[in-house]
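Q: I am new to this structure. How do I read its features, step by step?

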Amino acid sequence: MKAIGDVLKDQVAEAAKKNQRDFSKKSYKDLQSRVFSDPDVHAFFEKHKDELTRDGVYATFANIYEYWQQKDGHDKVLAGYVPKLFVEGHGVGIKYEATAEKVEEDKQRATQKRIELIDLPEKLRRVKLGDIDFNGRREALEGIARFFNNLKAGSPARGLYLSGDFGVGKTYIMAGVANESAGLGKKVIFLHMPTFISSLSSHFDDNSLQDEIHRVAYCDVLILDDIGAESLSPWSRDDVLGVILQARMDNDLPTFFTSNLDMDALEDHFAKTRNSDEPAKAKRLMQRVRYLAQEVQISGANRRFGNN
Ligand code: ADP
Ligand code: MG
């Protein structure tokens, strides 16, 4: 890959070529006086008048010209970068710096890359915690605030278990948590439990199943969306979900859940897998869920049909 400086130089050379006809028509002197009387160029000379010499400035006129040509955005060669002059020897050098917007954009892109959505809509990436209305959801807001305080302090940070009816905004709130966590540099996996569990069989043919379980079990922040809506077998309950939750508990790894079921109802769901009723196993699994997350009920209207 070419360094950014080289790419810029090539592109500037290209742009300069385009201007060559223009350039040779005018006298060099004319051009120099136009460039030197530019307020930004002038201000730079004023600021550095003790370091610059006449010969130094004339010898590096090409840089000053390039700056003058690029600085106001016309003939711009690379969006997101602005030219800057600096003193080099007794003359003037030019460098390109990312604009504040470009820096922000790059940061956003890096944040996005830290979130892996498994079977969830891409639009969740755009939900910001700060934009969520927490009116009447004080407990959730306090839990989330506590979580981020602990996370920032590097202390074990217990997650939340948001329970409530379909459409009240549980997944939406978790999207805010996912994006905020990623903004703090954490790797986040946000997965839709029913689809995840039913897709496990697609890994049977290769060795990727253990890798997949390991990845989910050890990511920085895990969000299991819609737990309780999946159809479990004793195997997916104990050897997949059980293993993931145990690893997260043993390593104090932040874990969140959303569910239409409250914790007691989830325990019943765990007890009744496709072919058996095992309350003791369900209890063990629920101990892990309870350890990992504090239950918060989310109530309110169904926002799914635009009545929010
Ligand atoms: P749940 O997970 O509880 O079933 P969702 O999080 O999927 O509910 O929310 C249902 C719909 O309402 C979604 O389309 C979501 O974008 C929207 N929604 C939820 N909470 C809010 C909110 N606070 N502000 C705006 N839209 C919201
Ligand atoms: Mg949901």
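A: Start with polar contacts. A polar contact is a pair of N or O atoms within 3.5 Å. Keep in mind that this model is predicted.

Q: Which polar side-chain atom lies 2.7 Å from an oxygen atom of ligand 1?

A: That atom belongs to T171. The distance of 2.7 Å is within the 3.5 Å cut-off, so the pair counts as a polar contact.

Q: How much of ligand 1 does the protein bury?

A: Compare the ligand alone with the ligand in place. Taken alone, ligand 1 exposes 550 Å². The protein buries 81% of that area.

Q: What lies 2.8 Å from an N or O atom in the side chain of K170?

A: An oxygen atom of ligand 1. The backbone takes part as well: a backbone N or O atom of V168 lies 3.3 Å from an oxygen atom of ligand 1.

Q: Which residues come nearest to ligand 1?

A: Look at the shell of residues around the ligand. There are 14 residues around ligand 1. G167, K170, T171, Y172 and R304 come nearest.

Q: How does the shell around ligand 1 divide into nonpolar, polar and charged residues?

A: Sort the residues by type. Four are nonpolar, four are polar and six are charged.

Q: Which pocket is the space taken by ligand 1?

A: That space is the largest pocket.

Q: How many salt bridges does the structure hold?

A: Look for a side-chain nitrogen of Lys or Arg within 4 Å of a carboxyl oxygen of Asp or Glu. The structure holds 20 salt bridges. One of them joins E278 and R237, with the closest N and O atoms 2.4 Å apart. In another, K95 meets E97 at 3.8 Å, N to O.

Q: What about K49, which forms a salt bridge with E46?

A: Their closest N and O atoms are 3.2 Å apart. K49 is exposed, because its relative accessible area is 52% and exposed means over 50%. E46, at 43%, is partly exposed.

Definitions and conventions: Residues are numbered from 1 along each chain as its sequence is written. Chains are lettered from A and ligands numbered from 1 in the order in which they are written. This is a predicted model: local features need pLDDT of at least 70, side-chain atom pairs count only at pLDDT 80 or more; totals for chains, interfaces and linings use all residues. Side-chain values use heavy atoms; hydrogens and water are left out. A residue is near a molecule or strand if one of its heavy atoms lies within 4 Å of it. A polar contact is a pair of N or O atoms within 3.5 Å; within protein, one must be able to donate a hydrogen and the other to accept it, and residues adjacent in sequence count only if both atoms are side-chain atoms. Accessible areas come from the Shrake-Rupley method with a 1.4 Å probe; for residues, only the protein chains shown count as cover. On a 1 Å grid over the protein atoms alone, a cavity is a set of points where a 1.4 Å probe fits but cannot get out, and a pocket is an open set with protein on both sides within 12 Å along at least five of seven lines; lining residues have an atom within 4 Å of a point. A molecule sits in a cavity or pocket if more than half of its atoms lie within 2 Å of its grid points. Ala, Val, Leu, Ile, Met, Phe, Trp, Tyr, Cys and Pro count as nonpolar, Asp, Glu, Lys and Arg as charged, and the others, Gly among them, as polar. Buried means under 20% relative accessible area, exposed over 50%, partly exposed in between (1.4 Å probe, protein chains only).
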